[in-house]
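Thanks for coming. I will go through one complex and keep to what was computed from its atoms. Have a look at it first.

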Amino acid sequence: MHELSLITSVVETVTESLAAYPGAQVKAVRLRVGALAAVIPETLEFCYGIASEGTPLEGSKLAIDVLPVVVHCEPCGQDLEIEGIQSFRCPKCGEPCSDLRQGRELEIDSVEIEDADEEKR
Amino acid sequence: MTTRIVELRRGILKKNDELAAGLRGRYAAGGVLVLNLVSSPGTGKTAFLERTLKDLKAKGARVAALVGDLETDNDARRLASSGAPVRQINTHGICHLDAEMIGKHLDGWEDVALDQLDYLFIENVGNLVCPSSYDLGEKIRVVLLSVTEGEDKPLKYPTMFNSADAAVITKMDIAGPCDFDLALARKNINEIRPGIRIFETSAKTGTGMEEWLGYLAEARKGRG
């Protein structure tokens with residue numbers, strides 16, 4: 001259960017980045033989370049509600065894109081998506097694959113904001 | 001009002017990753033091989049490490065250990081019986097060690113200078129989930145699994161097993177009474193992390209320790 005510390009870091013990073021957009025209102029924060037990242041999206045959302053309280057992010061939505069695991073198969077010479085995380089084998093030829101190309105991501109992708117100063121222009 | 005998307009594209013663990021990169025540089029500069037030991041609570045990390053420290057010391061190697069627990073310094077006191085310098089890290093409720101904790105405990109460690117060590121072991125908090133996300137700058141992540149835990153543990157905790165560089169099966173001396181299916185355990189580990197080195201050990205009888213120590217010596221030579 002390290003979701004709360006991860007989300008606290010998300011809230012801090014996004015809050016810092018808002019300094020460049022004074023008066024902007026945050027509508028949503030989008031994350032990219034790999035299927036093998038060992039976090040539970042529902043728990044991240046729950047923690048987001050708590051961690052964003054009293055910050056400029058309060059009331060905004062947390063959107064999470066879950067990325068499937070992609071392995072590189074040497075014999076096939078291809079990067080291929082595998083189903084689930086119970087067996088790390090090439091879906092085409094069945095060869096064991098230890099070369100992971102996607103699936104561990106824990107990233108802040110983007111922030112959706114509403115600019116307040118637009119009205120003045 | 002206009003809505004717009006601001007792209008950030010930043011790792012959530014960026015701060016930890018940067019600190020870990022700094023640690024990796026310090027380890028390399030000191031010429032010390034660093035290993036991060038992870039497992040469930042009760043797997044026998046401490047007993048395995050105690051044996052490893054004693055056996056390495058007997059071979060003349062310079063070793064030290066950092067040991068993480070939520071509370072108590074019981075493990076540090078146990079490990080200190082090996083004669084190696086040991087420092088306890090109490091996380092007070094946090095379920096994993098992070099790079100910042102390691103850095104802080106290396107800094108204030110009077111008995112230990114990294115360039116005076118051959119091996120530094122970090123015993124993580126007993127937890128097969130959260131420590132997988134936190135890079136401690138280690139060269140080798142060792143996942144441990146005991147014969148009392150069930151052969152399907154790798155399938156239940158794929159993230160940790162997939163991120164490991166070596167796997168150690170502990171308590172082999174009681175594999176029989178536990179009806180432990182070694183072939184199945186090995187197959188499951190390989191399914192999650194194809195090609196990983198697997199060691200079958202008993203800290204009590206010393207089974208498998210020579211092979212493990214041989215691996216450590218090779219890894220140290222291969223360093224850098």
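A definition to start: pLDDT is the predictor's confidence in each residue, on a scale from 0 to 100. Chain B averages a pLDDT of 96, and 99% of the residues score at least 70. For the complex, the predictor gives an ipTM of 0.87 and a pTM of 0.93.

Now the conventions. This is a predicted model, where local features need pLDDT of at least 70 and side-chain atom pairs count only at pLDDT 80 or more, while totals for chains, interfaces and linings use all residues. Residues are numbered from 1 along each chain as its sequence is written, and chains are lettered from A and ligands numbered from 1 in the order in which they are written.

Next, the contact between the chains. Two residues count as in contact if their C-beta atoms, placed from the backbone, lie within 7 Å. On that basis chain B puts in 30 residues and chain A puts in 30 residues. On the side of chain B that touches chain A, the elements giving two or more residues are β1 (2–11), α6 (158–163) and α7 of chain B. Helices here are DSSP runs of H or I with at least four residues, strands are runs of E with at least two, and both are numbered from the N terminus. Which element gives the largest share of that side? It is β1(B), with 10 residues. By type, the residues of that side of chain B divide into 13 nonpolar, 10 polar and 7 charged. Nonpolar covers Ala, Val, Leu, Ile, Met, Phe, Trp, Tyr, Cys and Pro; charged covers Asp, Glu, Lys and Arg; the others, Gly among them, are polar.

β1(B) also pairs with a strand of the other chain. Pairing requires that DSSP finds at least two bridges between two strands. Strand β6 of chain A, residues 106–115, and β1(B) are antiparallel and share 8 bridges. One position to look at is E114(A), which stands opposite T3(B).

That pair belongs to an open sheet of 4 strands in the order β2(A)-β1(A)-β6(A)-β1(B), with mixed pairing. At the edges stand β2(A), residues 61–67, and β1(B), each with a single partner strand, so one side of each has no neighbour in the sheet. From one strand to the next, the twist averages 20°.

Two helices of chain A lie across this sheet's strands. Helix α1(A), residues 3–17, lies across β1(A), β6(A) and β1(B), at about 45° to β6(A). Helix α2(A), residues 41–51, lies across β1(A) and β2(A), at about 160° to β2(A). Axes are lines fitted to C-alpha atoms, for helices over the stretch in contact, and angles run from 0 to 180 degrees between N-to-C directions.

On to domains, whose bounds come from an automatic or database domain assignment. Chain A is divided into domain 1 (3–68 + 103–120) and domain 2 (69–101). Their C-alpha centres lie 31 Å apart, and 5 residues of domain 1 are in contact with 5 residues of domain 2.

Chain A also has an open sheet of 3 strands, β4-β3-β5, with antiparallel pairing. The edges are β4(A), residues 78–81, and β5(A), residues 100–102; each has a single partner strand, so one side of each is left without a neighbour. In β5(A), Q102(A) is the bridge partner of V70(A).
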